[in-house]
Amino acid sequence: MSKPMQTNKWLVVLSITIISAITAIYMGVKEQFHLDETRPVAPLQKELSSWVVDWQWKSGLEDFRRMSSGLGSLQLFAVYFDEADVLYMTEDMKKAFPSMLQAAQDASISKVYLTLVNDRYLQDGTEVQKDPDLLTRLLGSEAARSKHIGEILSLMSQYHIQGVEIDYEKVKDSDWSKVTAFYKELYEALHQQGKSLRIVLESRAPIEQLDLPTGPEYVMMAYNLYGTHSDPGPKADYTFLDKLARRMNHLPGDNVIAISAGGFDWSGQGKVTAVTEKRAVELALQAVASPERDTASGSLHFEYVDDKGEKHTVWYADDSTLIGWLDTLRRDGYGKAAIWRLGELSENSLAKLKSWHEDH
C-alpha cells in the first residue's frame, strides 16, 4: 500500500506544479498583451476624428479637405473666455467658420463639434491657458452651471452646430464633483435638443475615482508624455498607450483615444517649441545625422544646430508613427481615435490616415 500511495502523492504534486505553471504563463501573457475579460472585443469599425485650430485654420482646412472622407467628425477648436468669463471666439475663427462648415457639409460629415477650452484672453493682449480658477467660478454652484450651460446652448444655436466638446483642463481636485455635475447637466440639456457632447480628459485625470455620467463620448489625451514640461522624448510610446487604454475601461460608453501629430523642438537653452510634421521635416535638413526611429515609440528624432550655433533636439511623429500608435490602440480594443491636430501633415500621413479606417 505504501508505494501506490507515494505514487499518488507525486502525481498530486506534479498536477499542482503543472497547473501553477500554466496559471503563471497565462498571467504573464495577460500582463504582456493587456488582456481584460471585462473589455469587449472592439468592433471591426474604425473611426477617426480630428481638430482644426483657429491659429492654423488655413492649413488645417487644407488637410481636412484632403482626408475628409476618412473622418467621422470634425472638431473646431475655437471657443475660449474673455476677461469677464464670457465665451470668446477669435476673429480668425469667426472668419474661418463659414469655410469650415461648408467643407464639412461638402464631405458629408454630419457631426461638427465646437470645442470649448478654459483659456482666458485678457484685455492687455495676454492670455491665461487652462485656467483652473475659471472653472471654479463657472461651475461652483448649480446656478453658475445653469448660466454657463445657457451660454453654450446660445452659442451653438448662433453657429448652427450639432455638438459641443468640452476641453477643460487642470481641474482642481476640490472641483471634480462640480465638474462631473456640469457634464451631466450639460449632456441632459443637449440631449433634449438632439445634440451631442464630447468630453476631453487629460491623462492625469483621476478617472478611476470619478463618477462620470453615461451619455457623453469621452476623449482621452494620449500624448505629451514628453513636451514643454520635460527633457526631449516622444509625445507617446507604446507602453504609455497601453496603460491609458486599460485605464479607459473605467469610463462608461464607447469612447475615443486621441494621439498627436507633430512634435517638439528642444533648444540647448531650455526653450521648447511645438513643431508640425512638415516643420520637423524641414529642420531635419539641418540635422547632424539622419533622423533615427525610436523602437519604444515609433517616433523619429534628430539633432541640428541653428544659425546661431545653438544645438537642438527634435522628436516628432511621421506617418509610420501615427499608424503604429493607432494599431496599438486597436489591439488594445479601441477602434475610435482622434488626431490632434490637422495642419501641415505630410502627404504620406494624410493618405495613410485617410485609408486606415478602411482596413479592417
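**Helices, a sheet and a core**

Trainee: At what angle do α4 and α5 pack?
Mentor: About 100 degrees. Helix α4 covers residues 132-139, and helix α5 covers residues 142-159. Their axes are 6 Å apart. An axis is a line fitted to C-alpha atoms, for helices over the stretch in contact, and angles between N-to-C directions run from 0 to 180 degrees.

Trainee: Before I go on, what kind of model is this?
Mentor: It is a predicted model, where local features need pLDDT of at least 70 and side-chain atom pairs need 80 or more, while totals for chains, interfaces and linings use all residues. Residues are numbered from 1 along each chain, and side-chain values use heavy atoms, without hydrogens or water.

Trainee: OK. Which residues make the contact between α4 and α5?
Mentor: On α4, Arg137, Leu138 and Leu139. On α5, Ala144, Arg145 and His148. Contact means heavy atoms within 4.5 Å.

Trainee: Is His148 buried or exposed?
Mentor: Buried, because its relative accessibility is 1%. Buried means under 20% relative accessible area, exposed over 50%, and partly exposed lies in between (1.4 Å probe, protein chains only).

Trainee: Zoom out. How many helices and strands are there in the chain?
Mentor: Ten helices and 15 strands. They are DSSP runs numbered from the N terminus: helices are H or I with at least four residues, strands E with at least two. The chain has 360 residues, and 51% of them are buried.

Trainee: How many bridges join β13 to β14?
Mentor: Six. β13 spans residues 300-305 and β14 spans residues 311-317. Look for Tyr304: its bridge partner in β14 is His312.

Trainee: And on the other side of β14?
Mentor: There β10 pairs with β14, antiparallel, over six bridges. Gly262 stands opposite Ala317 of β14. β10 also pairs antiparallel with β11, over four bridges. In that pairing, Asp265 has Thr273 of β11 as its bridge partner.

Trainee: What happens at Gly270?
Mentor: Gly270 belongs to the hairpin of β10 and β11, which has four residues between the strands. There Gly270 takes a positive phi near 100 degrees.

Trainee: Why is β10 called largely enclosed?
Mentor: Because six of its six residues are buried.

Trainee: New topic. Which residues touch the most others in the largest nonpolar core?
Mentor: Ile166 and Leu201, out of 81 residues. A nonpolar core is a set of buried Ala, Val, Leu, Ile, Met, Phe, Trp, Tyr and Cys residues joined through side-chain atoms within 4.5 Å. Helix α6 (residues 176-192) gives this core its largest share, eight residues. Apart from it lies another core, of 13 residues, including Trp51 and Trp340.

Trainee: Where is Trp51?
Mentor: In strand β1, residues 47-53. Trp51 counts as buried because its relative accessibility is 3%. Leu74 is 23 residues away from Trp51 in sequence, yet their C-alpha atoms are 6.0 Å apart.

Trainee: Last one. Where is Asp85?
Mentor: In the loop between β2 (73-81) and β3 (87-89). Asp85 is buried, at 16% relative accessible area. His160 also has a positive phi, near 55 degrees. His160 sits in the loop between α5 and β6 (163-167), and at 65% relative accessibility it counts as exposed.

Note on methods. Two strands pair if DSSP finds at least two bridges between them.
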